[in-house]
Amino acid sequence: MKEKIKYITSRKWFHICMIIVIITVILFVAGIMILKYQVEGETNMPFEITKITLISTSDGVDKNQEGNVTNWAFDINQNNDIYIYIEKNENYKKDEVIKNIVIDDLKVEKNKELGEVKFYRPNMLDTGGNFSNTEENEVQKLEYTGGLEANIKNLIIGNQGGVILFRYANNKVAEYSSDISTNNTIITNQLLNSANVNEEDLKSKLSFNITITTEDGKEYRANISLDVPVDGVVENGTSSKELTELKDIVFKRIKN
């Protein structure tokens with residue numbers, strides 16, 4: 001038996017078969033690891049998204065010419081404010097610092113072609129709240145810089161984490177007009193309801209890339225998809241929700 005085994009193992013075809021088996025196993029293991037990475041992504045990032053808050057509202061832009069006081073006339077905007085909370089991963093033992101965080105590749109898929117899609121950075125002015133749907137605030141990409149102290153107006157996030165925010169607005173989804181003599185007051189956040197807007201027509205899927213870059217040059221990127229607006233915005237004027245189950249957000253390292 002030993003002689004037979006020795007004879008078989010000494011043959012050239014045996015060595016070729018063993019090489020093929022070894023290569024096949026290596027390729028199989030590598031394939032499994034690649035597939036796992038595609039599904040799970042980075043499992044121990046220095047920073048992680050812990051929560052996303054969505055706030056859906058509506059507002060009206062007065063269309064009346066100066067001096068016209070006989071009619072209410074508004075263009076109605078439907079706004080969706082996205083707050084992304086980023087924290088240091090407690091399980092990551094090395095010291096890391098955020099260099100910048102970029103939001104780009106912003107896309108919207110609508111149920112119905114209604115309104116005008118606009119994206120806005122936080123308001124640059126000291127007045128007017130966190131957001132203002134003005135031309136100077138309109139963007140197609142945002143870049144937050146890591147700093148010692150956060151400053152939303154200047155797009156600075158704490159270099160150990162904090163919150164970044166932007167607005168997806170569906171402007172001019174409807175118009176509302178009425179004779180002032182029959183309406184003593186107008187509640188602007190109820191304009192969608194007053195204009196009989198169908199909430200299902202407002203439904204959209206917002207997607208974008210988020211890239212976190214650390215000071216030592218590592219880059220991590222994920223794609224995020226969100227369903228907006230939050231249910232109830234037409235009826236209530238304002239609706240919000242918090243997302244904390246974020247397993248579908250998969251970060252991959254694009255630069256070491």
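# Close-up views

Phe208, at 0% relative accessibility, counts as buried (buried means under 20% relative accessible area, exposed over 50%, and partly exposed in between, with a 1.4 Å probe and protein chains only). The structure is a predicted model, in which local features need pLDDT of at least 70 and side-chain atom pairs count only at pLDDT 80 or more, while totals for chains, interfaces and linings use all residues. Residues are numbered from 1 along each chain as its sequence is written, and side-chain values use heavy atoms, with hydrogens and water left out.

**View A. Aromatic pairs, including Tyr83 with Phe131 and Phe166 with Phe208.** The count of aromatic pairs comes to three (rings of Phe, Tyr and Trp, the last by its six-membered ring, pair if their centres lie within 6.5 Å; planes under 30 degrees apart are stacked, over 60 edge-to-face, and the rest tilted). Tyr83 and Phe131 are edge-to-face, at 6.5 Å centre to centre and with 85° between the planes. This pair links distant parts of the chain, 48 residues apart: Tyr83 belongs to strand β2 (residues 71–88), and Phe131 to the loop between β4 (116–120) and β5 (142–147). Strands (E, at least two residues) and helices (H or I, at least four) are DSSP runs, numbered from the N terminus. Tyr83 and Phe131 are both buried. The ring centres of Phe166 and Phe208 lie 5.2 Å apart with the planes at 85°, so that pair is edge-to-face. Phe166 in strand β7 (residues 161–179) and Phe208 in strand β8 (residues 204–214) are 42 residues apart, and the pair thus links distant parts of the chain. Phe166 is buried, with a relative accessible area of 2%.

**View B. Lys51 over the ring of Tyr85.** The charged end of Lys51 sits over this ring, 4.4 Å from the ring centre. The criterion requires NZ of Lys or CZ of Arg to be within 6 Å of the ring centre and within 35 degrees of the ring normal.

**View C. The largest nonpolar core, with 37 residues.** A nonpolar core is a set of buried Ala, Val, Leu, Ile, Met, Phe, Trp, Tyr and Cys residues joined through side-chain atoms within 4.5 Å. Ile49, Ile52, Ile84 and Ile210 have the most contacts inside the largest core. Two or more residues of this core come from each of β1, β2, β3 (98–110), β5, β7, β8 and β9. The largest share, five residues, is that of β9. In strand β8, Ile212 is buried, with a relative accessible area of 0%. Ile212 lies 9.2 Å from Ile103, C-alpha to C-alpha, at a sequence separation of 109 residues.

**View D. The second largest pocket, with about 210 Å³ of space.** Among the 13 lining residues, Ser225, Leu226, Leu243, Asp248 and Ile249 are the closest to the pocket centre. The elements that give two or more residues to the lining are β1 (47–62), β9 (219–228) and β10 (238–243), and β9 gives the largest share, five residues. The lining comprises seven nonpolar, two polar and four charged residues (Ala, Val, Leu, Ile, Met, Phe, Trp, Tyr, Cys and Pro count as nonpolar, Asp, Glu, Lys and Arg as charged, and the others, Gly among them, as polar). On a 1 Å grid over the protein atoms alone, a pocket is an open set of points where a 1.4 Å probe fits, with protein on both sides within 12 Å along at least five of seven lines, and lining residues have an atom within 4 Å of a point. Grid points are joined across faces, edges and corners, and the volume is the space filled by probe spheres set on the points.

**View E. Backbone geometry at Pro229, Asp105 and Leu155.** Most residues other than glycine have a negative phi, and most peptide bonds are trans. The peptide bond from Val228 to Pro229 is cis, with omega near -5°; Pro229 is in the loop between β9 and α5 (233–236). Asp105, although not a glycine, has a positive phi of about 55°. Asp105 is located in strand β3 and is partly exposed, with a relative accessible area of 36%. Leu155, also not a glycine, has a positive phi of about 55°. Leu155 is in the loop between β5 and β6 (156–158) and counts as buried at 12% relative accessibility.
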